[in-house]
Amino acid sequence: MATDPELLERYNQGFSGAVPHNHALGMTIVDIGEGEVFIRVPYQAHLVGNPETGVLHGGVITALMDATCGASVFVKTRRPVPVATLDLRIDYLRPAEPPRDVVCRAECYHVTNNVAFVRAVTFHDGEPDRPIASAAGTFILFQKGGKSTFVGEAP
Amino acid sequence: MSTLLDQVRRARETGDYASFTQAIPYARWLGISAAQVDGEILGKLAFADHIIGNPTIPALHGGTVGALLESTAIFQLLWDAETVLIPKTINLTISYLRSARPIDTWAKARITKQGRRVAAVHVDAWQDSREIIVATATVNLLIKPAE
């Protein structure tokens, strides 16, 4: 599932280029599939939660999973419908290993007129079967008049 | 270099709550700190441009509000409990009630249940009015109380 690099570049301009916190964390969309999206955050010293272990702070994982789950809704609906996170549950399965990058895969598996249902896992590159965290989220869809968090054209 | 727990102990003695949050690189970078206000421990997320998630509304990124909620649960456990390790989050469930505006955000945690290994903590976050909650979280954490 290799997405056209030019297409990814366009999506990244809307996703990371236009959203300050996504950009600040260094988030990059690395691949897009059928109703699913993969986003990476590179390991960075200022994102560490415990200086004794060098493990990334939980907040980094929360932001990555929230953003990736939201992006998967656009991939599923194939249009830039404005969304807002209703709730997000995250299970921390094991600590991220410093100094490795983390990748989140999110899948929007069901969408109604009002609500999108998403699940996600975060793992280290190349190890999708050894998740660091898993998540389940719901997103409310605004049909009109809302202001999208995902600036730009949806896949 | 002293450990985080040493810094927590020192902060308890001196009342200098800002110092140990400064020892957490991510908290420093994001703008999260702990403060004692009217005798209670509050978490604070200072507004800065890099925590914006939606520039159109504009609104804070949900991940940054989640980070404040989780951090505030940990601050509360560090203060209330003589723990011999930094509490480890097992899971958290965040409800986003309103979009968080581009101003400072505060949070207060309440320990619902503290057992021998697990603590359940409820956290509320608000902005200029404590009555208007922007997000809540339920957090389960692994703890290790002193023997």
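Student: What makes 34 residues of chain B count as being in contact with chain A?

Tutor: Contact means heavy atoms within 4.5 Å, and 34 residues of chain B meet that criterion with 36 residues of chain A. The model is predicted, so that local features need pLDDT of at least 70 and side-chain atom pairs count only at pLDDT 80 or more, whereas totals for chains, interfaces and linings use all residues. Residues are numbered from 1 along each chain as its sequence is written, chains are lettered from A and ligands numbered from 1 in the order in which they are written, and side-chain values use heavy atoms, with hydrogens and water left out.

Student: What confidence does the predictor attach to the complex and to each chain?

Tutor: The complex has an ipTM of 0.94 and a pTM of 0.94. By pLDDT, the predictor's confidence in each residue from 0 to 100, chain B averages 92, with 98% of the residues at 70 or above. Chain A has a mean of 91, and 91% of its residues reach 70 or more. Residues 150–155 of chain A stay under 50, although the model has 22 contacts beyond four places in sequence for them.

Student: How do you know the size of the interface, and which residues of chain B lose the most area?

Tutor: The size of an interface is often given as the accessible area lost when the parts come together. Buried area is that loss (1.4 Å probe), summed over both parts; here the value is about 2,700 Å², of which carbon and sulfur atoms give 61%. In chain B, B:Y26, B:W29 and B:Y96 lose the most area to chain A, together 22% of what that side buries.

Student: How many salt bridges and polar contacts link the chains?

Tutor: A salt bridge requires a side-chain nitrogen of Lys or Arg within 4 Å of a carboxyl oxygen of Asp or Glu, and the count between chain B and chain A is 0. A polar contact is a pair of N or O atoms within 3.5 Å; within protein, one must be able to donate a hydrogen and the other to accept it, and residues adjacent in sequence count only if both atoms are side-chain atoms. That rule finds 11 residue pairs across the interface, both residues at pLDDT 80 or more.

Student: Which elements supply the side of chain B that touches chain A?

Tutor: Helices (H or I, at least four residues) and strands (E, at least two) are DSSP runs numbered from the N terminus. Helix 3 (25–30), strand 3 (52–54), helix 4 (62–80) and strand 5 (88–96) of chain B each supply at least two residues. Strand 5 of chain B gives the most, with 8 residues.

Student: Why are strand 5 of chain A and strand 5 of chain B called paired?

Tutor: Two strands pair if DSSP finds at least two bridges between them.

Student: Which strands of chain A does strand 6 pair with?

Tutor: Strand 6 of chain A pairs antiparallel with strand 2 of chain A over 6 bridges, and A:V41 is bridged to A:V102. Strand 6 of chain A also runs antiparallel to strand 7 (residues 115–124) of chain A, with 9 bridges. A hairpin with 3 residues between the strands is formed by strand 6 and strand 7 of chain A.

Technical notes
Buried area is the accessible area (1.4 Å probe) that two parts lose on being put together, summed over both.
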